[in-house]
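Subject: Structure for your files

Hello,

Here is the structure I said I would pass on. My notes on what was found in it follow below.

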Amino acid sequence: MLSENEISRVLAVTAHPDDVDFAAAGTIALFTDRGVEVTYCVVTDGDAGGFDRELDNGGMAELRRAEQSNAAKAVGVTDVRYLGHHDGTVVQSLELRRDITRVIRQVRPDLVITHSPERNYRFIAPSHPDHRAVGGCALDAVYPDARNPYTFPSLLLDEGLEAWTVREVWLNGGPAPDHHVDVTDTFDRKLAALRSHVSQVGHLEDFEGFLRSRFSQIATEAGFGEGRYVEAFQRVPTL
């Protein structure tokens with residue numbers, strides 16, 4: 001497993017704008033505070049989310065990209081990349097594996113954070129089909145695609161993107177978390193990031209109370225005690 005001082009670049013690959021903030025914004029803030037370079041790769045345009053249907057036909061996608069960029073700044077991230085796949089229709093495919101492989105080879109991260117491809121029956125919300133498809137493709141892009149120079153040869157021959165080996169993946173939202181990060185000190189920044197997604201959460205009553213309850217429950221279950229907030233992941237070594 002990677003030690004803290006071995007992580008200098010992180011890539012978060014998520015399905016929708018706001019996914020990384022729900023799952024990992026507190027952890028991301030801890031990384032950027034240490035000087036770690038963090039890049040977000042958002043697979044879909046997010047146009048199937050939100051509640052203001054006057055913004056259909058492209059307006060919602062543009063709004064959600066702006067919200068995600070603002071949320072990223074709250075936790076110290078300025079490099080946000082959007083792949084533009086359609087929200088709600090993502091499936092595991094060679095095309096998506098190639099697109100994620102391209103970003104991995106561009107960013108060359110030590111660690112990738114992404115969705116679990118497994119369904120979580122205890123807490124179903126993270127198991128959106130787009131999440132599971134993106135998680136599966138991101139894992140395939142990490143191993144074997146990004147490290148194999150003969151996979152998607154045009155990435156090397158036409159774009160000059162050399163093979164890259166990601167050393168570890170952290171999965172969020174799955175049924176078997178085994179790594180817990182205390183984000184108590186950065187929880188206010190996680191809240192600020194999530195509040196940036198007005199189109200998604202602006203209608204919710206006591207949204208902050210829900211978040212504090214959810215992440216304090218994770219802390220308690222993981223043995224951190226009262227008054228702490230924790231984000232949970234499953235660590236996957238890839239070497």
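Predicted model: local features only at pLDDT ≥ 70, side-chain atom pairs only at ≥ 80, totals over all residues.

Valine 107 belongs to helix H3. Leaving out neighbours within four places in sequence, valine 107 is in contact with Arg9, Leu11, Thr39 and Arg81.

Valine 107 and glutamate 37 are 70 residues apart along the chain, and their C-alpha atoms are separated by 9.4 Å. Glutamate 37 sits in strand E2 and is exposed, with a relative accessible area of 53%. Not counting residues up to four places away in sequence, glutamate 37 touches Ser8, Arg9 and Val10.

**Overall form**

The secondary structure comes to 8 helices and 7 strands. The radius of gyration is 17 Å; a compact globule of 239 residues would have a value near 18 Å, so the two agree. Taken along the principal axes, the C-alpha atoms fill a box of roughly 50 × 45 × 35 Å.

Of the 239 residues, 50% count as buried. The protein exposes about 10900 Å², and carbon and sulfur atoms supply 50% of that area. Among contacts between residues at least 6 apart in sequence, 80% join residues at least 24 apart.

In soluble globular proteins, nonpolar side chains tend to be buried together. Here the largest nonpolar core has 39 residues, and those with the most contacts inside it are Ile28, Phe31, Tyr40 and Ile113. Eight elements each supply at least two residues of this core: strands E1 (9-14), E2 (37-44), E4 (111-115) and E7 (230-237), together with helices H1 (19-33), H2 (59-74), H6 (187-195) and H8 (207-221). H1 gives the most, with 7 residues.

Phenylalanine 31 is in contact with Ile7, Val10, Val36, Val38, Leu111, Ile113 and Trp170, leaving aside its neighbours within four places in sequence. A second, separate core has 23 residues, including Ala15, Leu96, Cys137 and Trp164.

Threonine 27 is placed in helix H1. Is threonine 27 buried or exposed? Its relative accessible area is 2%, so threonine 27 is buried. Beyond its neighbours within four places in sequence, threonine 27 is in contact with Trp170, Val181, Val183, Glu231 and Phe233. Trp170 is listed for threonine 27 and also for phenylalanine 31.

Alanine 66 is placed in helix H2. With a relative accessible area of 38%, alanine 66 is partly exposed. The C-alpha atoms of alanine 66 and proline 17 are separated by 9.2 Å, although the two residues are 49 apart along the chain.

**Backbone points to check**

- The peptide bond from tyrosine 143 to proline 144 is cis, with omega near 15 degrees. Proline 144 lies in helix H4 (residues 129-145).
- Arginine 108 is not a glycine, yet it has a positive phi of about 60 degrees. Arginine 108 is in the loop between helix H3 (94-107) and E4, and at 25% relative accessibility it counts as partly exposed.
- Aspartate 206, also not a glycine, has a positive phi of about 50 degrees. The loop between helix H7 (198-201) and H8 holds aspartate 206, which counts as exposed at 59% relative accessibility.

Regards

Technical notes
Residues numbered from 1 in each chain as written. Heavy atoms only, no water. Helix = DSSP H or I, 4+ residues; strand = E, 2+ residues; numbered from the N terminus. Rg over C-alpha atoms; globule rule 2.2 N^0.38 Å. Buried < 20%, exposed > 50% of the residue type's maximum accessible area, 1.4 Å probe, protein only. Contact = heavy atoms within 4.5 Å. Areas by Shrake-Rupley, 256 points an atom, 1.4 Å probe, with all protein chains shown as cover. Core = buried A, V, L, I, M, F, W, Y, C linked by side-chain atoms within 4.5 Å.
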